[in-house]
Amino acid sequence: MQKWLKISIGIIISLLILLVVAGFIFYNMLTNSIPKYSGQINVPGISKSLKIYRDSMGVPYIIAGSDEDAAFALGYVHAEDRLFSMDLIRRAGEGKLSEIIGPKTVPFDKMFRTIGITETAKKILAQMDPVMLKILSAYSNGVNFYINQAKGKYPIEFDLLNYDPQPWKPLDCIVLGRMMAWELNISWWSDFAYIDLIQKFGYDKVKDIIPSYPENAPTIIPQEIKKLPHASNSFMKTDQAFRNFIGWTGTHIGSNNWVVNGNLSATGKPIIVNDTHLAFSAPGRWYVAVIHTPKMKIAGFTLPGTPGIIIGENGNIAWALTNIMEDDADFYSEQLDSTGTKYFYNGAWQNLAVRKETIKVKDSSNVNFEIKSTDHGPIISDIHPYNFIFTNKNISESNKNAVISMHWLGNYVSNEEQIFYKIDKAKNWSEFKEALQDYSVPGQNFVYGDKEGNIGYLFGARLPIRNSNTKEFIYDGTTDHYDWQGFVPSNELPQLFNPPQNYIASANNKTVKDFKYYISDLWEPSSRIERITQLLNSKDKFSVNDFKKFQMDFVSPYAEKITNYILNAFNNVKVTDQHLQLALNLLRQWEYKMDQYSQAPAIYSEFFKYLMQNIFLNKMGEALYDEYVFVQNIPLRTVTQLMNNPQSSWFDDPSTSQVETRDDIIRKSMDEALTDLEKKYGEDPANWQWGRLHYVLFKHPFSGVSSIVDKVLNIGLYEIGGDGTTIFNTEYSFTKGLDNYPQFKHGEFENNLGPVMRYIYDFSKPNEINLILSTGESGNFLSKHYKDMTKFWLTGKYLKIKTDVNSIDNPNNKLLLLKPVQ
């Protein structure tokens with residue numbers, strides 16, 4: 001062999017060895033961030049030894065000698081598995097994202113500092129019950145023990161952003177709870193869009209597209225503008241930008257829950273069911289845990305960053321939640337003096353409250369600004385949108401003079417952390433009611449069952465008393481006439497106990513008919529509750545397996561209504577186009593199941609897209625259209641409302657000389673839908689399966705940085721059925737404008753929100769829960785528990801969690817023993 005060849009081979013072999021060694025070292029560096037689930041650790045700050053078992057899916061089972069030690073352990077396991085996502089939400093709520101990300105998050109930091117979540121959290125902490133303060137402190141100590149233990153081995157996100165997490169504090173637990181309240185606070189989003197629409201079209205035209213709730217649709221409780229300065233929508237745009245940045249996409253922010261008593265249960269005991277609909281992300285929002293102490297035995301879903309079980313059971317009772325959709329924020333048009341230091345209120349000039357803030361910005365100068373507040377709350381019109389992302393071409397220069405303040409229920413002092421601690425320990429309906437008496441935000445429908453066979457419902461929220469039972473968009477802030485007049489007494493709030501129908505169900509639908517106080521006008525379309533009600537009346541007895549099928553149901557009563565209008569529009573119309581004939585035949589045979597393998601759902605969904613554009617987009621323009629359809633329940637309810645008025649001016653196409661009616665627009669929309677399907681998926685309708693268009697992708701916060709990063713960190717994509725009107729909610733965005741920006745780009749029918757968990761509890765098997773998450777327990781992409789539940793979730797399979805000590809203490813589970821330092 002020639003010498004040069006020997007040298008070349010030697011160099012190549014040496015390089016390969018170096019690459020292997022470097023790869024091994026790099027892999028070990030990454031995997032060092034994966035926590036160890038077994039062994040023994042000496043721990044300061046706990047009173048007795050405690051055990052943390054882990055099953056094959058990474059679910060922790062905490063056996064502790066006291067509630068405080070259990071809180072310590074929960075903080076520890078949360079930090080082990082979700083430290084980065086906890087820290088990201090904490091920073092967002094505190095207005096400190098720019099310290100680690102840079103200038104692009106300054107608008108978000110301004111927004112949350114202006115809203116005042118941290119300021120409110122400080123007030124709550126100052127009034128915290130001493131027992132609950134001990135729980136929050138113990139939880140924080142558990143988080144901090146892991147932070148100290150893992151130093152130098154944090155998840156890779158911290159390395160990429162080049163920072164270490166700060167110590168966790170009881171205040172941070174409250175901030176995270178309020179951030180959940182903010183995420184579920186959507187009732188006000190439509191206010192700005194309606195104002196813009198009214199000022200463009202006039203109230204008489206716009207009132208036809210302000211939706212109402214169907215008169216005969218199921219409720220939870222069964223039945224036996226004036227002219228103000230044009231308000232800038234910059235606050236709404238900033239919030240939309242933040243929600244896309246943090247991964248809170250989608251607006252069907254609701255859920256399904258129901259409970260049946262022993263008369264409808266195959267086991268003779270209540271069965272309670274829940275699936276919460278939140279934005280999909282990797283990791284998901286919830287974290288499963290089982291906790292045993294001498295004073296309680298609880299199991300269910302926790303929110304990383306806070307102690308306690310939010311949804312679950314304690315052997316005596318079980319509870320499930322859905323969003324009330326309460327309107328918990330009002331906006332006021334304020335009048336300032338020429339100096340900008342006073343506001344006019346009840347005939348006199350009052351001093352504005354002013355708070356100075358400094359935002360530290362990575363790789364840039366600090367940003368100093370002032371937050372001004374009236375008696376109504378902070379002035380939010382000074383929060384400017386992320387202009388690189390959004391443009392406000394439809395907003396006039398006069399908007400800059402509008403001064404808008406926000407009055408949000410989330411800025412009142414309330415102690416939800418302590419309330420959930422009481423719920424976790426409640427033994428019966430009376431204690432459950434007592435625990436919820438002072439509950440405030442986020443407004444939730446609490447459905448209840450207990451081991452004695454009782455079922456119940458409580459309206460979990462403070463409900464403001466307004467002077468009117470209807471909602472104006474933006475109120476006159478110069479008078480107290482529109483101020484809240486206190487809150488509805490808890491004994492007047494809707495509730496239900498052991499109803500004769502033997503079940504209770506909620507799906508973000510209207511709470512009760514003809515209630516004397518205003519709750520909301522943003523109920524979800526009645527489709528999901530109609531289908532749940534159909535199913536709950538479909539047989540005499542139901543099992544856990546029945547309810548598993550219900551949670552995977554893809555039938556849409558909403559699609560049935562719209563399809564009937566489509567077919568009627570083609571009655572007595574000669575159809576010669578082959579694809580149109582086929583499409584109509586498929587729709588005639590369709591049973592309204594949004595099956596991923598079927599063509600009819602794809603045809604229907606493409607049609608509905610063009611129907612909305614032909615009704616709204618060609619009149620509103622793209623920017624105003626995006627505002628109007630952003631909260632999806634608004635156009636969904638409006639479309640069915642308009643369908644009952646075939647001559648509505650909203651059906652007329654302004655670009656033509658003739659006057660179009662409902663059926664004209666239906667036929668036009670179907671033609672455009674079929675043309676689009678042919679163009680994108682070919683001439684063969686066999687390729688028009690709904691799953692080809694509709695898919696789910698669980699996105700990591702770093703998603704969009706690069707295609708390589710996306711493949712490593714994101715989970716999916718997976719074809720999926722359903723839509724935003726099916727029990728298995730698979731919402732996709734109706735907006736168009738955000739598609740122009742690569743940071744927030746989404747597929748046309750990409751599923752961005754849905755059931756991030758499923759939960760079924762049968763009181764006949766008190767030591768067993770059926771549940772699943774959409775991703776996994778871990779937020780570390782290298783962990784085997786990052787996405788090990790996803791395929792189970794997709795196919796309707798559940799984990800069977802055993803909660804008794806004998807089942808927990810078995811050799812198949814890993815055991816981490818935490819021993820107190822002597």
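Which element gives the largest share of the lining of the largest cavity? Helix H8 does, with 4 residues. The legends below start there.

This is a predicted model, in which local features need pLDDT of at least 70, side-chain atom pairs count only at pLDDT 80 or more, and totals for chains, interfaces and linings use all residues. Residues are numbered from 1 along each chain as its sequence is written, and side-chain values use heavy atoms, with hydrogens and water left out.

**View 1. The largest cavity holds about 370 Å³ of space.** Its lining has 28 residues, and the closest to the centre are Met 180, Leu 303, Ile 310, Phe 420 and Pro 442. Two or more lining residues come from each of helix H8 (170-183), strand E4 (254-260), strand E5 (271-279), strand E9 (317-323) and helix H12 (416-425). By class, the lining has 15 nonpolar, 10 polar and 3 charged residues. A cavity is a set of points, on a 1 Å grid over the protein atoms alone, where a 1.4 Å probe fits but cannot get out; lining residues have an atom within 4 Å of a point. Grid points are joined across faces, edges and corners, and the volume is the space filled by probe spheres set on the points. Ala, Val, Leu, Ile, Met, Phe, Trp, Tyr, Cys and Pro count as nonpolar, Asp, Glu, Lys and Arg as charged, and the others, Gly among them, as polar. Helices (H or I, at least four residues) and strands (E, at least two) are DSSP runs, numbered from the N terminus.

**View 2. Helix H12 is mostly covered.** In H12, 8 of its 10 residues are buried. They are Glu 416, Glu 417, Gln 418, Ile 419, Phe 420, Tyr 421, Ile 423 and Asp 424. Buried means under 20% relative accessible area, exposed over 50%, and partly exposed in between (1.4 Å probe, protein chains only). Phe 420 is also one of the residues closest to the centre of the largest cavity.

**View 3. Two peptide bonds are cis, at Val 441 to Pro 442 and at Gly 716 to Leu 717.** For the bond from Val 441 to Pro 442, omega is near -10 degrees. Pro 442 sits in the loop between helix H13 (429-436) and strand E17 (444-450). For the bond joining Gly 716 and Leu 717, omega is about 15 degrees. Leu 717 belongs to strand E23 (residues 715-719).

**View 4. Asn 498 and Asn 508 have positive phi.** Asn 498 is partly exposed, because its relative accessibility is 32%. Asn 508 is buried, with a relative accessible area of 0%.

**View 5. Trp 286 is part of the largest nonpolar core.** Of the 222 residues in this core, Trp 286, Phe 432, Phe 608 and Phe 616 touch the most other members. Helix H2 (residues 67-94) gives the largest share, 14 residues. Another core, of 19 residues, lies apart from it, with Val 273, Ala 505, Leu 536 and Ile 727 among them. A nonpolar core is a set of buried Ala, Val, Leu, Ile, Met, Phe, Trp, Tyr and Cys residues joined through side-chain atoms within 4.5 Å. Not counting residues up to four places away in sequence, the contacts of Trp 286 include Arg 82, Phe 301, Leu 303, Ile 310 and Met 757. Contact means heavy atoms within 4.5 Å.

**View 6. Strands E13, E14 and E15 form an open sheet in that order, with antiparallel pairing.** Strand E13 (353-359) and strand E15 (377-378) each have a single partner strand, so one side of each is left without a neighbour in the sheet. E13 joins strand E14 (residues 367-374) through 7 bridges. Lys 356 has Glu 370 in E14 as its bridge partner. Two strands pair if DSSP finds at least two bridges between them.

**View 7. Strand E28 (residues 799-802) has a covered and an uncovered face.** Leu 799 and Ile 801 make up the covered face, Lys 800 and Lys 802 the uncovered one. Strand E27 (residues 768-773) runs antiparallel to E28, and 4 bridges join them. Asn 770 has Lys 800 as its bridge partner.

Key: 1 Å grid on protein atoms, 1.4 Å probe; cavity = no way out; pocket = protein on both sides within 12 Å on 5 of 7 lines; lining within 4 Å.
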